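Let's work through a few exercises on helices and strands. Have a look at the structure first, then try each task before reading its solution.

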Number of protein chains: 2
Amino acid sequence: MELETSPLALPFPDMPQISGVHQRVSRARYKDWDRADLTYVELDEGTALAGVFTQSACASSEVELGREQVKSGTARALIVNAGNSNAFTGYRGREAVEQIMDQVSQHIGCSPREVLVSSTGVIGVPLPKDKAREGVAAALTAEHCSWQDAAEAIATTDTFAKGAHTSAMVGDTRVELCGIIKGSGMIAPDMATMLGYIFTDADVAPAFLQDLLASANSQSFSCITVDGDTSTSDTVLAFATGKAGHARIEGWDSPGADAFAAALSDMCRQLAQSVVRDGEGASKFITIRVSGAVSDDSARRVGLTIANSPLVKTAIAGEDANWGRVVMAVGKAGEPADRDKLSIAFGGVWSARDGLPVDDYDEAPVAEHLKGQEIDLAVELGMGEGRATVWTCDLTHGYISINADYRS
Amino acid sequence: MELETSPLALPFPDMPQISGVHQRVSRARYKDWDRADLTYVELDEGTALAGVFTQSACASSEVELGREQVKSGTARALIVNAGNSNAFTGYRGREAVEQIMDQVSQHIGCSPREVLVSSTGVIGVPLPKDKAREGVAAALTAEHCSWQDAAEAIATTDTFAKGAHTSAMVGDTRVELCGIIKGSGMIAPDMATMLGYIFTDADVAPAFLQDLLASANSQSFSCITVDGDTSTSDTVLAFATGKAGHARIEGWDSPGADAFAAALSDMCRQLAQSVVRDGEGASKFITIRVSGAVSDDSARRVGLTIANSPLVKTAIAGEDANWGRVVMAVGKAGEPADRDKLSIAFGGVWSARDGLPVDDYDEAPVAEHLKGQEIDLAVELGMGEGRATVWTCDLTHGYISINADYRS
């Protein structure tokens with residue numbers, strides 16, 4: 001099925017090369033298609049590694065291995081297979097991953113443990129070892145490629161290539177961060193797994209890089225949803241080559257730590273939002289700001305419950321300022337809330353205040369706001385100081401068409 | 001919007017009159033429509049009452065009051081308003097409910113506390129007191145009506161009237177149970193714009209009736225979902241007039257307790273399933289049987305996670321035996337599971353066993369099964385002895401059309 005580019009798509013940004021990072025692609029032909037589908041990124045010695053992974057209890061071998069590899073804190077290479085997720089394939093799937101790790105590590109002379117592997121695509125079919133071997137061999141000797149080439153090679157049902165670039169000053173040294181991501185929802189193991197990779201020339205201690213990535217994740221990838229479904233393979237990895245040449249960032253007391261953390265957070269937020277912008281069938285990008293919760297975590301859970309509510313998502317698709325459905329979603333979130341303290345605004349205009357419809361509510365500016373592509377929904381719970389922002393998209397006929405008709 | 005009758009609709013059953021129960025309907029004209037929309041059921045003295053209600057933190061005044069009324073254990077009347085849910089209307093909504101309780105109690109000479117009120121429909125608009133007063137006055141003196149008339153009068157976006165009849169032998173006495181229910185969307189475990197009423201001539205102590213209803217609820221209304229959304233008004237009430245004339249059922253040791261409990265469970269299951277059969281846009285009725293969980297509760301949560309997964313529901317709409325999406329849903333349920341112990345079957349044919357696709361899997365009978373209207377999905381977790389069955393429907397273009405275009 002050929003999908004049209006999402007109406008919410010952003011152009012691929014200008015992204016500099018990162019010192020110590022060498023990306024290449026090849027054609028493993030995991031599916032019957034005419035495109036690059038294997039991505040190889042070689043990393044110079046001394047590259048720090050951090051990662052966050054799906055919470056799924058049925059994770060793929062790649063994720064199981066990745067969770068272990070991150071503990072060592074260093075990486076020399078990344079392989080991404082597109083077209084076959086290798087999930088739910090038991091020992092046969094694991095063997096295919098180990099073969100790739102061995103092949104790459106022998107080529108560059110490192111430990112297999114330093115070779116990270118991700119796969120995305122069809123579930124339940126072991127990654128074909130012969131195609132993987134040939135694809136990897138071709139990638140190892142391929143020409144260097146652009147970030148956009150790599151972003152396209154890791155994609156599956158994405159309708160546009162996704163990347164982001166941020167930078168930070170660490171003392172007098174400017175460091176660059178480049179990221180690519182694929183996924184058109186936090187969804188199917190078979191089609192829209194989210195795989196994100198961030199590369200920087202900053203010099204960051206692995207344990208601190210892990211802390212920063214986990215923290216950024218909690219305000220970015222953990223705050224987006226398309227349909228509430230969770231892949232068995234979702235992965236975000238960060239690689240820091242240290243080639244920028246500044247004094248290593250060991251922790252919050254190190255010079256530049258704040259600046260780097262901010263750039264990493266910004267990167268994660270941009271990448272996360274770009275996935276929502278490719279949500280299957282999405283026609284509107286929705287920002288949900290929850291305040292007045294008993295804690296930030298509670299606010300995030302309320303926000304995600306609203307964001308995952310089919311009735312809220314279809315109301316926005318229908319450009320209907322249906323705050324009753326928002327009340328419903330708040331009520332079912334299982335978080336502390338009080339009907340008579342709840343306030344709701346679309347596009348900055350309060351429809352309901354303290355549990356009652358606003359008396360002289362003017363729907364005209366709200367209706368105008370809902371006609372746009374960028375929708376803002378604010379929910380004030382009136383219970384405390386907790387706040388969070390989550391992002392989602394609307395639920396349209398396009399989602400049904402893609403998911404009821406597409407055979408993975 | 002005029003909706004077509006659900007393809008999964010069942011004919012309205014033959015239902016006997018229940019001794020001590022007197023149902024009537026009237027036109028309060030809560031909306032601009034030409035139909036009965038106010039239902040009044042008068043109950044003879046000594047009628048026992050039990051009830052289960054939405055878990056929503058933003059429940060309506062009717063639900064807040066009902067939770068208190070159930071504690072007294074007796075009822076003399078029920079009023080159901082259709083077309084206005086009176087939810088999220090603050091003190092003004094509460095005043096309207098109290099007016100109805102006063103009006104009815106003065107007419108029949110009982111305590112206002114013995115008058116139960118439910119409302120369903122538009123949210124955020126206080127129930128108009130004048131329409132309620134006139135509607136109630138008309139209903140108090142109306143002719144007796146049929147169960148089907150009552151089932152139609154409590155309906156809102158339902159596409160067919162829903163009722164059920166069961167019976168049981170208590171000693172030598174046959175007791176009858178009749179139930180009516182409304183609801184079609186926003187149906188989730190903790191119920192929805194779902195209003196259900198069960199009437200019996202059995203003689204049951206209120207506290208035991210409450211235990212039985214709560215228990216039946218956990219295997220019926222708590223096991224259905226259409227879209228995972230939860231209404232602010234969901235209510236199921238049971239009324240036992242005691243007119244059948246047998247010795248009162250006080251507890252499990254009373255003669256006939258088992259038989260009555262079984263008939264009540266069967267009633268709740270039939271009513272719950274009828275709501276799923278009217279799920280918005282539903283084209284297939286899906287039974288999900290989860291076994292091998294660490295507990296029955298865990299099995300139910302896994303089942304509901306599968307049942308609420310948009311990717312599973314769209315796959316079934318597309319008649320695609322996509323067990324990969326079932327794996328994904330099990331993985332995200334947050335319950336103990338192990339990828340390598342998981343088995344999945346559609347229509348009794350195992351697609352995956354112990355974490356691997358079945359070797360000589362024959363998809364033909366599965367494809368045939370998925371073309372039908374009644375879909376069976378079995379999931380064996382291999383973790384323990386816990387089991388549960390949940391019911392849902394598929395997710396189709398019809399759901400989007402109804403909810404993106406309908407202003408509730």
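A quick term before we start: two strands pair if DSSP finds at least two bridges between them. Helices (H or I, at least four residues) and strands (E, at least two) are DSSP runs, numbered from the N terminus. You're looking at a predicted model, where local features need pLDDT of at least 70, side-chain atom pairs count only at pLDDT 80 or more, and totals for chains, interfaces and linings use all residues. Residues are numbered from 1 along each chain as its sequence is written, while chains are lettered from A and ligands numbered from 1 in the order in which they are written.

**Exercise 1.** Find the order of the open sheet of six strands in chain B, and its edge strands.

Solution. Step one: read off the order, which is S13-S12-S11-S14-S10-S15 in chain B, with mixed pairing. Step two: look for strands that pair on one side only; those are S13 (356-357) and S15 of chain B. Step three: zoom in on one pair. S11 (residues 343-346) and S14 (residues 374-380) of chain B run antiparallel, joined by four bridges. Across that pair, B:Ile344 sits opposite B:Val379 of S14(B).

**Exercise 2.** Work out why one side of S3 and of S6 in chain B is left without a neighbour in the sheet.

Solution. Start with the order: this open sheet of five strands goes S3-S9-S8-S7-S6 in chain B, and its pairing is mixed. S3 (48-53) and S6 (162-170) of chain B are at the edges with a single partner strand each, so one side of each has no neighbour in the sheet. From one strand to the next, the twist averages 15°. Now check a partner: S3(B) pairs with S9 (residues 235-240) of chain B in the antiparallel sense, over six bridges. There, B:Leu49 faces B:Phe239 in S9(B).

**Exercise 3.** Describe how H1 of chain B lies on its strands, and check its span.

Solution. First, the direction: H1 (residues 61-72) of chain B lies across S3 and S9 of chain B, at about 140° to S3(B). (Axes are lines fitted to C-alpha atoms, for helices over the stretch in contact, and angles run from 0 to 180 degrees between N-to-C directions.) Next, the span. The expected value is 1.5 Å times one less than the number of residues. H1(B) has twelve residues and should therefore span 16 Å, which agrees with the 18 Å between its end C-alpha atoms. Finally, look just past the helix: B:Gly73 takes a positive phi of about 85°.

**Exercise 4.** Decide how H1 and H2 of chain A are oriented to each other.

Solution. H1 (residues 61-72) and H2 (residues 90-108) of chain A pack at about 55°, and their axes are 9 Å apart. Angles under 35 degrees count as roughly parallel, over 145 as roughly antiparallel, 65 to 115 as roughly perpendicular and the rest as oblique. H1(A) and H2(A) are therefore oblique. The contact (C-beta atoms, placed from the backbone, within 7 Å) involves A:Ser61, A:Glu62 and A:Leu65 of H1(A), with A:Gly93, A:Arg94 and A:Val97 of H2(A).

How values were computed
Two residues are in contact if their C-beta atoms, placed from the backbone, lie within 7 Å.
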